[in-house]
Amino acid sequence: AMQDNAAPKAGAELANSVAAEPRLGTPPVFPEARRPELYAALDLGTNNCRLLVAIPTKPGQFRVIDAFSRIVRLGEGLTATGKLHDAAMDRAIEALKICADKLKHRLIATEACRSASNGAAFLERVKHEPGLEWEIVDRETEARLAVSGCGPLVGHQTDALVLFDIGGGSSEVALIDRSKRRSPRLAEQIVAWTSLPVGVVSLAERFGRKHVTEDVYTAMVDD
């Protein structure tokens, strides 16, 4: 999820472009006259809940001033039942309560809430308990946000690239062609993309969590 105007999808992408490592705790307090514009990225994934709060330092770069991360495994059991489990939702709610005071803008949810039969009911609960209102985005929007978040990592002379965004419940692949136009808006240069309902959590639950033999790997590929 993300706040409007923030570096999109998974605080992981924002973290890759920051100038300094974040410290947990209370963000610094700035005098009103010179308070910088703050940006935040909140990612509630199939496995983790991550929040980064940052200030821009120069175009495409940020300095993180606050951060939060907790493994919630929201998608635990989703592959087998098609539903979000009560314990998983409780873990996510507790993590989101910590984030709620920092985010009051647009928030998006991805694969776990998109594919679960009770995903919308979970987001309704989030709206009333932590007080955060979310929207479930489609796979194309998720892929475009993943590409946008990687813009600062792409060298100016790069003509083309393939982006792999492997999440807990889905994986996005996008082909970007920059040979005709060197725009910093990477998502505008996507020429092909796909989204697969396969991620590290769903694969682990289907094929085993710890030991991957050659036979298990072959079964994953065939699947």
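Strands β6 and β7 are joined by a hairpin of four residues. Helices (H or I, at least four residues) and strands (E, at least two) are DSSP runs, numbered from the N terminus. The structure is a predicted model, in which local features need pLDDT of at least 70 and side-chain atom pairs count only at pLDDT 80 or more, while totals for chains, interfaces and linings use all residues. Residues are numbered from 1 along each chain as its sequence is written, and side-chain values use heavy atoms, with hydrogens and water left out.

Strands of a sheet pair through backbone hydrogen bonds, either parallel or antiparallel. Asp-165 has Glu-172 of β7 as its bridge partner. Strand β6 covers residues 160-166 and has two faces: Leu-161, Leu-163 and Asp-165 form the covered one, and Ala-160, Val-162, Phe-164 and Ile-166 the uncovered one. In a regular strand the side chains alternate between the two faces of the sheet.

Ser-171 belongs to β7, which covers residues 171-177. Its relative accessibility is 12%, so Ser-171 counts as buried; buried means under 20% relative accessible area, exposed over 50%, and partly exposed in between (1.4 Å probe, protein chains only). A polar atom of the Ser-171 side chain lies 2.7 Å from the backbone oxygen of Val-198. A polar contact is a pair of N or O atoms within 3.5 Å; within protein, one must be able to donate a hydrogen and the other to accept it, and residues adjacent in sequence count only if both atoms are side-chain atoms. Residues up to four places away in sequence aside, Ser-171 touches Asp-165, Ile-166, Thr-194, Ser-195, Leu-196, Val-198 and Gly-199, where contact means heavy atoms within 4.5 Å.

Arg-139 is placed in helix α6 (residues 139-149). At 29% relative accessibility, this residue counts as partly exposed. Arg-139 is in contact with Glu-111, Arg-114, Trp-193, Ser-195 and Pro-197, leaving aside neighbours within four places in sequence. The C-alpha atoms of Arg-139 and Thr-194 are 8.2 Å apart, although the two residues are 55 residues apart in sequence.

In helix α7 (residues 200-207), the buried residues are Val-201, Ser-202, Ala-204 and Phe-207. These buried residues pack against α2 (78-81) and α8 (214-222). Just after α7, Gly-208 has a positive phi of about 110°.

An open sheet of three strands has the order β1-β2-β3 with antiparallel pairing. Its edge strands, β1 and β3, each pair on one side only. From one strand to the next, the twist averages 15°. Strand β1 is joined to β2 (residues 48-58) by six bridges, and a hairpin of three residues connects β1 to β2. Within this pairing, Ala-54 of β2 is the bridge partner of Tyr-39, and Asp-43 stands opposite Arg-50. Between β2 and β3 there are ten bridges, also in the antiparallel sense; here Asn-48 has Ile-71 of β3 as its bridge partner. Helix α3 (residues 86-100) lies across β1, β2 and β3 and runs at about 150° to β3. Axes are lines fitted to C-alpha atoms, for helices over the stretch in contact, and angles run from 0 to 180 degrees between N-to-C directions.

One aromatic pair is found in a search of the whole structure. The ring centres of Tyr-39 and Phe-62 are 5.7 Å apart and the ring planes stand at 70°, so the pair is edge-to-face. Rings of Phe, Tyr and Trp (its six-membered ring) pair if their centres lie within 6.5 Å; planes under 30 degrees apart count as stacked, over 60 as edge-to-face and the rest as tilted. Because Tyr-39 lies in β1 (residues 39-44) and Phe-62 in β3 (residues 61-71), the pair ties together parts that are 23 residues apart in sequence. Tyr-39 is buried, with a relative accessible area of 16%, and Phe-62 is buried at 11%.

The protein chain has an average pLDDT of 79, and 81% of the residues score at least 70; pLDDT is the predictor's confidence in each residue, from 0 to 100. Among the elements of the chain, β7 has the highest mean pLDDT (93) and helix α1 (residues 10-16) the lowest (40). The pLDDT is below 50 over residues 1-26, a stretch with 72 contacts in the model beyond near neighbours in sequence. Where pLDDT is low, the predicted coordinates should not be read in detail.

Terms used:
Two strands pair if DSSP finds at least two bridges between them.
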